[in-house]
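Trainee: I have a model open and want to go through it with you. Where do we start?
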Amino acid sequence: MIKRNKILFRNIDWVIILIYILMIFFGCMNLYSVSPEKAEKQFIWILLSFIFIFITFLFKPIHYKHIAPFFFLFTLFLLIGVFFFGKNINGSKSWYVLGPISFQPSELTKISTSLMIAHIMSQENIENNNKALLHISIILILPAFLIFLQPDPGSSIVFFSFFLTLYREGLSIFFILYFLFYILLFVISLNLSPWIVVLFLFIIFIFFFLIKKKTTSFIDLFFYIFLFISFSIFSISSPFFFQKFLKQHHKDRINILFQNEFDRKYRENVGYNLLYSKTAIGSGKFFGKGYKKGTITKGKFVPEQHTDYIFCTVGEEWGFIGSTILIIFYLLFISRIYFLSERQKYVFGRIFGYSVGNIIFVHFVINLGMVMGLFPTIGIVLPFFSYGGSSLWSFSVLLFIFMRMDVSDQTSLI
């Protein structure tokens, strides 16, 4: 047992560990600048996360492979149960509250879905395998749909990060391009008449058909017609879906992207967060105002600055230099996860590692996009940095399950 522990300790990737520790404690420092009380709670949660990390190392990688289906079903039941027993917080019924303890089942579902995807794909190759692709699509759509209904559109979007994992394993790039095109269609259809969008789609379809006329088979033509019809239906239904299924604050956060948040009629309501977030980041200039010297941070002008908008504290107090260093650390961290994933001998570990890296990457990109006005505010936290026990613990467990797989990979999953 002692010999085994020495091997695990020797094989652990200390680059990942070092960056992880630096990020969580630098995040706690910035939280202290925003709210000392919340920083003290976060510090306790950081200490508790080390207990969870220790527990993840008690299990062998093969155990995670075997429990993946049961764990996934358990988290699905938690997602369903939150509609009946959950507490409504900020317009979303996404939390279980048990006395002083509260947690989001969606955070736990990221772990279970990553394990489940790795479990299936370690047994079936998705390349030219429609059956396996269908199974994986159902596994991704089920939790994403349940989370969206809470409604928590931000957390549901994170589940599409798994398509990056599927791409690594052979999924055609066109699936990702289709998804991105649907997002583009959704945005355009909210700002133009959907019928104008359909007309443009028809012109593109005719133009493409004339170019490919000589090489287009009947099956290809049927596929192009199907795409045109599906894109058109999606474009026409997007405004209805936007108006009927999203909460008002979700609609406001999307609409403000196409408005000027500095305008008088927006800056006191829907554009308030974004206005002061940009102001805080810009006021830091090159070197920042200094730790705990951010006037916008101290004045508490930015709502939710301790969670979704924590990065604007970095921008104001540490400036362009500090923000750039933090971004570099995140990119190094994510790149290191990809590197470790690629060197895995076992498919299960590789796929799980890529899922971990992609989840963190999507969170990182969307959160920075939110605070700078490139994406709507959709409740996406900055991993290991934002305030919150649920997110810190889930990201830590997600990461260290993979670290446990990595240290064992040089021998076996057993």
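Mentor: With a definition: buried means under 20% relative accessible area, exposed means over 50%, and partly exposed is in between, using a 1.4 Å probe and protein chains only. This is a predicted model, in which local features need pLDDT of at least 70, side-chain atom pairs count only at pLDDT 80 or more, and totals for chains, interfaces and linings use all residues. Residues are numbered from 1 along each chain as its sequence is written, and side-chain values use heavy atoms, with hydrogens and water left out.

Trainee: Ok, cysteines. Is C312 buried or exposed?
Mentor: C312 is buried, because its relative accessible area is 0%. C28 also counts as buried, with a relative accessible area of 10%.

Trainee: Salt bridges next. What is the count?
Mentor: Seven. The rule asks for a side-chain nitrogen of Lys or Arg within 4 Å of a carboxyl oxygen of Asp or Glu.

Trainee: Which side chains does E169 meet in a salt bridge?
Mentor: R168, at 3.8 Å from N to O, and R350, at 2.7 Å from N to O. The R350 pair links distant parts of the chain, 181 residues apart: R350 is in helix 17, while E169 is in the loop between helix 8 (162-168) and helix 9 (173-191). Helices are DSSP runs of H or I with at least four residues, numbered from the N terminus.

Trainee: How covered are those residues?
Mentor: R350 and E169 are both buried, with E169 at a relative accessible area of 13%. R168 is partly exposed, since its value is 30%.

Trainee: What about E316, which side chain does it meet?
Mentor: E316 and K289 meet in a salt bridge at 2.9 Å, N to O. E316 lies in helix 16 (residues 311-342) and K289 in the loop between helix 14 and helix 15, so the pair ties together parts that are 27 residues apart in sequence. E316 is buried, with a relative accessible area of 0%, whereas K289 is partly exposed at 28%.

Trainee: Which residues are joined into one network by shared partners?
Mentor: R168, E169, E342 and R350.

Trainee: Helix 5, then. Why call it largely enclosed?
Mentor: Because 16 of its 17 residues are buried.

Trainee: Last one: which residues form the nonpolar surface patch?
Mentor: I44, L48, I51, F52, F54, I55, L58 and F59, with about 740 Å² of accessible area together. Patches are made of residues with over 30% relative accessible area and no salt bridge; like charges are joined within 9 Å, and nonpolar side chains (Val, Leu, Ile, Met, Phe, Trp, Tyr) within 5 Å. The areas come from the Shrake-Rupley method with a 1.4 Å probe, and for residues only the protein chains shown count as cover.

Trainee: Where is F52?
Mentor: F52 is in helix 3 (residues 36-58), and it counts as partly exposed at 34% relative accessibility.

Definitions and conventions
Helix = DSSP H or I, 4+ residues; strand = E, 2+ residues; numbered from the N terminus.
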